[in-house]
Structure formats: structure tokens, C-alpha cells
Amino acid sequence: IRDSLYAEPDVAARRQGLPVDPGTSAQWWVPHVVPAELTPPPPGAPGDRGGIALIEDGADPTHPDLAHVVNPRPPRLAAEPTDAEFAEFGAGLLHGTAVAGVATAAANGVGVVGVWPGHTTQVFAGGATCSGITGAILAAVRRRPAVINMSYGFFVDDLLADCFTHVRATQLAFGAGVTLVAAAGNSLDDPFNPVGRKNPLLRPASDPHVLTVGALNPALVSTGFSQRGIGLDLAAPGEGILAPVPLAFDTSDGTQDGYSLLDGTSFAAPVVSAQVALLRRARPALTPDQINTMLRVTARDLGPPGWDRAYGWGLADLPAAIASPAPRRDLLEPNDDIVWVDGRGFARPDAPRLRKRRAETIRSSLDYQDDPVDVIPVSIPPRSTLLVDLRPVDTNVDLMVFDRTARTFTSRLGRIVSSRRPGLRTERVSIRNTTSLRQKVYVVAEIRRNRVLSTAYSLRLRNVRR
């Protein structure tokens with residue numbers, strides 16, 4: 001053949017994907033969360049927004065897979081700890097080391113790899129109290145991470161009262177542009193917890209704007225311990241997870257090599273946290289509410305069609321999320337109750353709408369799981385009437401208006417008027433200000449539980465002289 005210059009054996013091309021370390025073959029979950037066609041960027045790539053923040057008692061930076069992990073305040077043992085203190089210290093350090101390893105264990109030819117190998121990771125210790133962990137979240141927010149991972153939970157009886165300061169911290173973080181990820185909890189069938197019932201409510205898993213993650217086994221089936229309910233957003237591998245642990249506390253499997261097989265939603269959450277960081281790296285203009293929506297609507301459905309209580313929306317599909325169009329931004333958040341806009345939840349109240357104009361249209365969205373309510377303060381000039389029209393897109397939305405004495409939309413105190421028309425009919429109300437002074441009211445849009453869990457809507461506000 002005249003055009004032949006040389007001959008050689010043909011070889012198969014191999015997609016790069018995640019790097020391979022000695023323990024990668026035991027990481028059954030890796031192909032499900034970082035497919036071969038998606039290669040994470042190197043650590044410290046330009047454009048990274050602050051990395052991943054872990055709320056943990058500590059992580060072992062001397063572990064060969066975690067040299068990149070920073071403990072601003074590393075945990076310390078007393079000079080002569082008791083056996084109980086030593087065990088508690090070891091449990092906390094083991095947990096944090098494993099969580100960090102699942103998310104970002106380095107690709108260094110040793111042990112295992114994380115979802116984003118070697119990515120910037122900081123640990124913020126808060127102990128085991130509401131105030132301590134709240135302080136850790138606030139400290140993390142000051143470092144402006146892309147995502148805060150919360151692999152813990154408070155058992156609560158009243159979501160409006162128990163550890164409210166923690167809710168304030170997570171709302172502040174969300175408003176500052178930080179994505180929040182929480183473990184769903186491991187008490188599905190365990191009645192021997194402080195509240196004495198199976199599948200109890202947990203904070204922060206049940207809080208607004210939090211991506212709550214349940215655990216899957218190697219068959220991608222929800223585990224027998226992973227908690228379920230309306231707050232569940234996604235599911236991720238959380239059983240039989242090979243993860244780094246401190247060598248001194250590696251006593252559970254009979255081989256003291258610095259790695260153990262672990263179970264729990266604590267280890268499912270950092271899978272999603274690292275995916276969030278990767279999504280943020282690929283699409284840096286996204287806001288936390290857009291990230292939450294994109295991961296949910298592009299997730300791989302694992303249970304009955306659509307959302308369900310055991311799997312949420314399913315297993316996050318990172319390539320699909322990266323390629324999906326960005327949803328509409330919800331610029332009003334956090335505004336899930338009056339407390340978040342009237343100055344009690346944050347240092348300053350939100351400026352009321354229509355302060356300097358006669359009419360405005362607001363386009364926003366609601367989600368029954370993570371964003372069921374929007375509260376918008378509105379100004380009414382003297383001797384004027386406020387006209388409010390609310391048009392839902394996908395499912396029914398109720399409309400209420402409260403005066404400035406109201407403390408929460410869940411009470412009738414301070415409620416002026418409401419409109420609860422069925423289906424997709426436009427909700428319409430009017431409020432008259434007959435005084436000679438400008439008045440402030442709170443316009444509330446609330447999604448009702450239905451088979452459709454989220455909707456966009458438009459809110460038309462007009463002040464007219466009457």
C-alpha cells in the first residue's frame with residue numbers, strides 16, 4: 001500500500017474520569033457519582049469559591065489522604081484524658097476524617113480518592129451543642145465557602161422553637177450565597193432516640209433551603225437506617241463506604257491501616273457537597289437556590305416516578321446538572337416567614353416594595369419541601385389602595401396579607417385578608433390605607449401540598465389612589 005508509513009498494534013482509548021488510587025476498586029460508589037466522562041479539575045483551580053466547609057469536631061490532617069484539610073481550631077485532648085474522653089475524642093475525629101475523605105481524599109497513589117480529590121476543605125468545630133454548632137456555621141460563612149456540609153442532626157419536637165439560633169445561622173449562610181447540605185439521619189427504625197419515636201424530625205435536615213441527603217446501599221436501594229420524609233431531597237451512597245480514618249482510632253475492622261468501611265447518611269451528605277462544589281466550579285454564576293433546583297430536577301429517579309419519601313428526587317446526576325439550563329433566580333430569599341424580613345431574624349429589615357414606585361411585578365418560585373412561603377414587605381402610601389394579583393404556573397398558591405403587628409404567617413394575628421381560590425386561578429386582594437401616614441404590610445405567598453411540589457408564580461403589586 002503506497003500510503004503506509006508504519007504499522008503498530010491498536011489500543012483502546014480510556015476515559016480519564018477520577019484518578020485511581022489503590023483503594024479505588026473498593027469504592028463501589030465512585031462511578032455512580034463521578035462518571036468517567038467528568039474529570040474533576042485540579043485542586044485550587046482558578047475560579048473556586050472558597051472550597052468545602054465541614055461542621056465537624058475535627059479531621060486528621062496527618063492522614064496521607066487529607067494533607068489539604070485545614071482545621072482552623074484543631075481539637076485537643078486533655079493531658080490525661082479519661083477512657084470516656086478519649087473514646088469521645090476518637091469518635092469525633094474519626095467521623096470528621098471520614099467525611100472529609102469521602103468529599104476530597106487526595107489522588108496521591110495512597111488509599112482512596114474523594115469526589116473532588118484534594119479540593120480545598122476546612123473543618124469548623126462546634127462541639128455537640130446548638131450554640132457551639134451555630135457558632136461553627138457562622139465562622140464558616142465568614143470564609144465564604146461554596147458549600148457547608150452538615151453531617152449531624154438535632155432531634156426536635158418543634159421546628160419553630162428548638163434551636164432556632166441554628167436556623168438563623170443557616171438562613172444567613174444561604175442569603176450569603178452558600179449552599180447547605182445535610183445528612184437525613186440514621187433513625188428510620190430506631191425508637192431509642194431522645195424523642196422516643198422512629199423516623200423523628202431532625203434539624204437541619206428539615207429546615208428550608210437545605211439539600212437533605214439519604215443513604216443508598218451498593219444496589220442503589222435506600223438503606224434500612226436512612227430517614228425518610230417530605231424534607232428529603234436527594235439520595236447518595238452511604239453504606240459500605242471505604243473512607244480514611246485516623247490511624248490511632250482505626251480499630252473497627254481488625255486491620256489498622258487508616259481506612260474503614262462505614263455506614264451512615266453522614267457519608268452520603270459529603271458526596272453531594274463535593275458535587276455541589278464541582279457544579280459551582282463549572283457554573284460559577286449560579287446561586288444556591290439555582291443549584292438546589294438543578295440537582296433535584298436532573299437527578300436520576302430511583303423510586304416511584306418523581307419525588308418520593310425514600311429517595312427524594314433520586315441520585316444526583318452531575319453531568320446532567322452541569323449541562324442543564326439555569327432556572328430562574330429567586331432573589332427574595334431568605335424570606336420564609338415574617339421573622340426573616342422584619343428585622344428580628346437579621347440585623348436589618350428588608351426594604352418594602354413600592355416605596356418609590358406605583359407598580360411592580362415580582363416573578364419568583366415556591367417549593368413545598370424547601371421554600372414553601374415567600375413574604376414580601378410592601379409600602380402603601382396615605383389614602384391609597386394596594387391591589388395584589390398572584391398568578392401561579394404549575395399548582396395552587398394561596399395569598400395572604402398581614403399588617404405590621406404580625407409575627408408569623410402561621411397565626412391569624414395581624415392577618416388583614418386572604419385569597420384561597422382553587423387550582424391555577426389568579427388570587428386577588430386589595431388593602432386600603434385610609435390614614436394620612438404610609439403603612440407597611442406583608443404579602444405572603446404559600447404553596448399548598450399537592451402532587452406538584454413546586455411552582456413559579458408572578459406577583460403584581462399596584463398602589464392606586466382611591
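1. Basis. In this predicted model, local features need pLDDT of at least 70 and side-chain atom pairs count only at pLDDT 80 or more, while totals for chains, interfaces and linings use all residues. Residues are numbered from 1 along each chain as its sequence is written, and side-chain values use heavy atoms, with hydrogens and water left out.

2. Helix H3. Helices (H or I, at least four residues) and strands (E, at least two) are DSSP runs, numbered from the N terminus. Helix H3 covers residues 130–142, which is 13 residues. From its first C-alpha to its last, H3 reaches 19 Å, close to the 18 Å expected at 1.5 Å a residue. The expected span is 1.5 Å times one less than the number of residues.

3. Which residues of H3 are buried? They are Ile-133, Thr-134, Ala-136, Ile-137, Ala-140 and Val-141. Seen down the axis of H3, these residues fall within an arc of 155°, so they line one face of the helix. The arc is that of the directions from the helix axis to the C-beta atoms. Buried means under 20% relative accessible area, exposed over 50%, and partly exposed in between (1.4 Å probe, protein chains only). The face turned away from the buried side carries the exposed residues Ser-131 and Arg-142. As background, an α-helix has 3.6 residues a turn, so residues three or four places apart point the same way.

4. What H3 packs against. The buried residues of H3 pack against strands E1 (52–55), E3 (121–124), E4 (147–150) and E5 (154–155), and against helix H4 (164–175). After H3 comes Arg-144, with a positive phi near 55°. Pro-145 is in the loop between H3 and E4 and counts as buried at 2% relative accessibility.

5. His-166. This residue is found in helix H4 and is buried, with a relative accessible area of 0%. Contact means heavy atoms within 4.5 Å. Leaving out residues up to four places away in sequence, His-166 touches a set of residues that includes Ile-133, Thr-134 and Ile-137. Arg-203 and Pro-204 are also among the residues that His-166 touches. The side chain of His-166 makes a polar contact with that of Tyr-152 at 2.8 Å. A polar contact is a pair of N or O atoms within 3.5 Å; within protein, one must be able to donate a hydrogen and the other to accept it, and residues adjacent in sequence count only if both atoms are side-chain atoms.

6. The disulfide. A disulfide is taken as a pair of cysteine sulfur atoms within 2.5 Å, and by this rule the count comes to one. The disulfide joins Cys-130 to Cys-163, with an S to S distance of 1.8 Å. The pair links distant parts of the chain, with Cys-130 in helix H3 and Cys-163 in the loop between E5 and H4, 33 residues apart. The link is right-handed, with 90° about the S-S bond. Cys-163 is buried, at 16% relative accessible area.

7. Salt bridges. A search of the whole structure finds 10 salt bridges, each a side-chain nitrogen of Lys or Arg within 4 Å of a carboxyl oxygen of Asp or Glu. One of them joins Asp-367 and Arg-296 (2.8 Å, N to O). Asp-367 lies in strand E12 (residues 359–367) and Arg-296 in helix H6 (residues 288–297), so the pair ties together parts that are 71 residues apart in sequence. Arg-296 also meets Asp-370 in a salt bridge (3.3 Å, N to O), and both Asp-370 and Arg-296 are buried. In another salt bridge, Arg-448 and Asp-398 meet at 2.5 Å, N to O. Arg-448 counts as partly exposed at 34% relative accessibility, whereas Asp-398 is buried at 2%. Salt bridges that share partners join Asp-233, Arg-296, Asp-367 and Asp-370 into one network.

8. Backbone spots to check. Most residues other than glycine have a negative phi, and most peptide bonds are trans. The peptide bond from Arg-203 to Pro-204 is cis, with omega near 15°, and the bond from Glu-333 to Pro-334 is cis, with omega near -5°. Leu-220 has a positive phi, near 60°, and is buried at 9% relative accessible area. Leu-354 has a positive phi of about 65° and lies in the loop between H7 and E12.
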